[in-house]
Amino acid sequence: MLPTDEPLSHLGPSLLLLLQLQLLLPPASAFFPNIWSLLAAPGSVTHQDLTEEAALNVTLQLFLEQPPPGRPPLRLEDFLGRTLLADNLFAAYFGPGSPSRRFRAALGEVSRANAAQDFLPTSRNDPDLHFDAERLGQGRTRLVGALGETVVAARALDHTLARQRLGAALHALQDFYSHSNWVELGKQQPHPHLLWPRQGLRNLAQVGDPTCSDCEELSCPGNLLGFTLLTSGYFGTHPSKPPGSMGEEINAAKIQARHIVEQRRGGPMEPTHYVLVPFHDPGFGPVFTTSDPDSFWQQLNEIHALGGGDEPEMCLSALELALLHTPPLSDIFVFTDASPKDAFLTNRVESLTQERRCRVTFLVTEDPSRVQGRPRREVLSPLRFEPYEAVALASGGEVIFTKDQYIRDVAAIVADSIADLVTLPLEPPVVVPERPLVFSVDGLLQRVTVRIHGEVSSFWIRNPSGVSQGQEEGEGPLGHTRRFGQFWMVSMNDPLQTGTWEIQVTAKGTSRVRVQAQTSLDFLFHFGIPREDGPHPGLYPLTQPVAGLQTQLLVEVTGLGSRGNPGDPLPHFSHVVLRGVPHGAELGRVPLEPMGPRERGLLTASLPPTLLSTAGPFSLELIGQDGVGQGLHRAAPQPCAVVPVLLELSGPPGFLAPGTKALLSLRIASFSGPQDLDLRTYVNPSFALTSNLSRVRLEQNESAWGCLWLKVPDTAASDSVVMVTVTATDREASTVPPTHAFLRLLVLGPAPQDQLPAPVHSTDPVLTTTSPAFHLSTLVTPGRAGGGLVSNPWWGTVGAVLLLLGLASW
């Protein structure tokens with residue numbers, strides 16, 4: 001569809017997308033849930049296709065109406081007759097090579113939220129959510145409600161939940177046109193009253209009216225009986241019910257916050273979400289969230305050091321609180337001088353960073369070898385910082401130990417590495433004495449940097465021609481070296497020689513090396529399991545694979561338009577290498593099969609049973625060639641993990657309101673052998689939660705169901721976020737990490753009388769399901785504070801600060 005002449009910039013992105021989808025009326029056959037459905041029905045139109053096409057059209061309209069600063073405006077004629085691709089739109093608007101990975105990740109997540117409506121136990125059989133069983137009026141009420149939920153959640157700065165509800169609304173909208181006979185009735189325009197509830201739906205068929213012949217296949221064209229009333233589809237559906245001195249650190253945080261904001265204003269990597277959480281001993285919080293950088297900066301300026309010296313501190317509690325309020329694909333910086341007092345949260349925070357796909361970097365102004373505490377002469381454990389190491393490893397971040405006099409410079413270097421740079425894989429991935437680290441440079445990489453920190457005595461870097469450079473500061477034959485204490489940064493000279501490079505490090509104790517580069521060629525990845533039951537075939541999205549469960553890998557390559565010369569063929573990728581974490585042992589090579597048009601960059605593979613036989617972490621590396629046959633090597637930004645059991649947590653069919661009780665549904669399944677599990681529940685903030693399931697014994701391929709009742713107090717704040725966590729721990733295998741499921745909900749107050757109630761909930765089962773994310777424009781709203789265990793919710797002197805910058809707009 002071509003953009004209209006009416007300016008659209010005053011409309012919200014959710015409404016724009018819904019309006020766009022109403023005008024994309026394909027033939028009236030049922031839409032399949034996601035791209036994997038093409039395996040079952042080649043050539044079919046999927047919910048994902050419709051959602052992504054409409055979103056790209058809306059993005060083009062916004063780009064046409066709001067010309068890029070300092071660049072020529074886009075021209076509509078340049079896009080006529082072409083397939084719209086996110087990479088091409090971003091290159092045209094922001095300039096060649098501008099990364100679209102985050103935008104595509106957000107778009108993909110709203111598409112998967114859409115598709116999940118056909119798989120979630122609380123939604124797949126509900127006719128009101130699919131315009132089935134002649135419940136068109138009820139379906140319209142739920143559709144308008146989901147749209148209202150999207151707007152309310154966005155205003156509350158819970159962009160994740162807003163994207164989830166947007167996906168649900170789009171699914172219902174698409175189902176109206178595919179499941180009803182609107183098009184067969186000869187209608188050439190969208191239904192005029194579908195999104196506007198003040199007008200009723202007219203001429204509706206009733207349940208007992210004969211409207212069509214029986215259908216035993218996935219698609220049955222021509223089975224309508226010449227009916228003139230508006231009728232729905234039938235899939236034998238029914239509502240389902242589940243069975244039974246910190247001054248320097250804080251100053252560094254302030255400086256880097258300002259640096260990041262100013263550096264990225266007006267570009268595709270400009271942050272749209274800011275979260276600030278102070279912590280100390282014994283408290284943490286409150287959390288401050290805003291999409292206005294000036295409000296964030298003002299709040300940060302109100303924090304001052306309280307002498308320092310607390311050891312340990314409530315760091316992981318603050319980090320968990322921040323993760324609750326941040327969009328996916330965000331970068332988190334933790335500035336502290338102490339170890340965590342709440343180390344028991346380590347595994348839960350690890351899992352949450354992977355579910356949110358957020359990267360955490362700890363900047364610690366403390367000597368890890370120190371064994372005497374500052375305020376008291378107690379003995380400190382040399383392992384006290386291991387929780388930080390574990391969280392950094394799980395999230396794809398790092399832990400950097402430095403001193404007060406270097407913290408500003410180190411923080412500046414680390415902050416420059418976020419968002420638009422990729423981390424290059426090293427072989428081996430960790431420093432091994434007397435063994436060089438190897439990495440590959442291809443023609444699509446620029447601004448390569450090497451960071452080395454630890455008790456390093458010497459190092460050298462060698463290019464494919466044998467030219468070397470040591471640790472001496474200043475300009476060298478390969479690049480410029482800077483040093484701040486035990487932290488080195490080497491900025492390599494462009495253009496770099498392509499081929500295999502080496503790094504040799506000599507150090508006492510632990511040292512770390514990270515190589516990063518700028519490129520638009522990157523990839524996203526997702527997991528899913530086949531689902532044949534229900535009205536639509538397809539793959540149910542997972543955050544992590546489950547031991548013993550057949551799992552598909554979907555790879556989405558971004559920046560395929562990146563080529564050395566515009567006339568070169570497109571890059572292509574042939575296989576994925578799976579490696580153990582952290583030492584990098586190869587676990588297998590999986591061939592990739594292309595799906596759909598090559599320019600979309602969609603690839604799929606079946607994960608090997610050997611990988612899925614036991615629980616544990618692994619990394620993904622993508623291998624291929626550019627258009628002229630030179631090798632390409634990209635790595636996923638954070639590791640994955642095979643989890644021991646499938647844990648699904650689903651929300652209520654209605655919304656959360658103060659003074660009510662909500663029913664949650666829990667399912668746990670084992671596919672790899674007997675399991676004896678303890679189940680624990682957590683709520684943030686601390687609402688009352690009861691469960692009928694605290695322990696479960698499962699055999700292979702056996703499932704158990706449970707119910708949880710969440711009591712929302714009368715004093716619950718409207719537009720507040722609630723996170724429910726269920727943890728399953730193996731009672732016998734102490735080395736097996738727990739499995740976690742996360743469910744986000746939003747509390748709403750009473751709706752105004754002239755609006756429909758807006759029920760907001762999330763039925764996305766998340767241990768293993770993705771968190772939908774989509775955001776087309778920046779919302780500038782007042783900041784708000786909440787959460788945390790702190791006796792007085794004031795902002796002032798603190799012992800430490802956690803700074804989170806969410807880069808989720810594109």
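Biologist: How are helix 4 and helix 6 oriented to each other?

Modeller: This is a predicted model, in which local features need pLDDT of at least 70 and side-chain atom pairs 80 or more, while totals for chains, interfaces and linings use all residues. Residues are numbered from 1 along each chain as its sequence is written, and side-chain values use heavy atoms, without hydrogens and water. The axes (lines fitted to C-alpha atoms over the stretch in contact, with angles of 0 to 180 degrees between N-to-C directions) of helix 4 (residues 101–116) and helix 6 (residues 159–179) come within 7 Å and cross at roughly 55 degrees, helices being DSSP runs of H or I with at least four residues, numbered from the N terminus. With under 35 degrees counted as roughly parallel, over 145 as roughly antiparallel, 65 to 115 as roughly perpendicular and the rest as oblique, the two helices are therefore oblique.

Biologist: What is the centre-to-centre distance of F63 and F90?

Modeller: F63 in helix 2 (residues 47–65) and F90 in helix 3 (residues 86–94) are 27 residues apart. Rings of Phe, Tyr and Trp (its six-membered ring) pair if their centres lie within 6.5 Å, with planes under 30 degrees apart stacked, over 60 edge-to-face and the rest tilted. At 70 degrees between the planes, F63 and F90 are edge-to-face, and their centres are separated by 6.1 Å.
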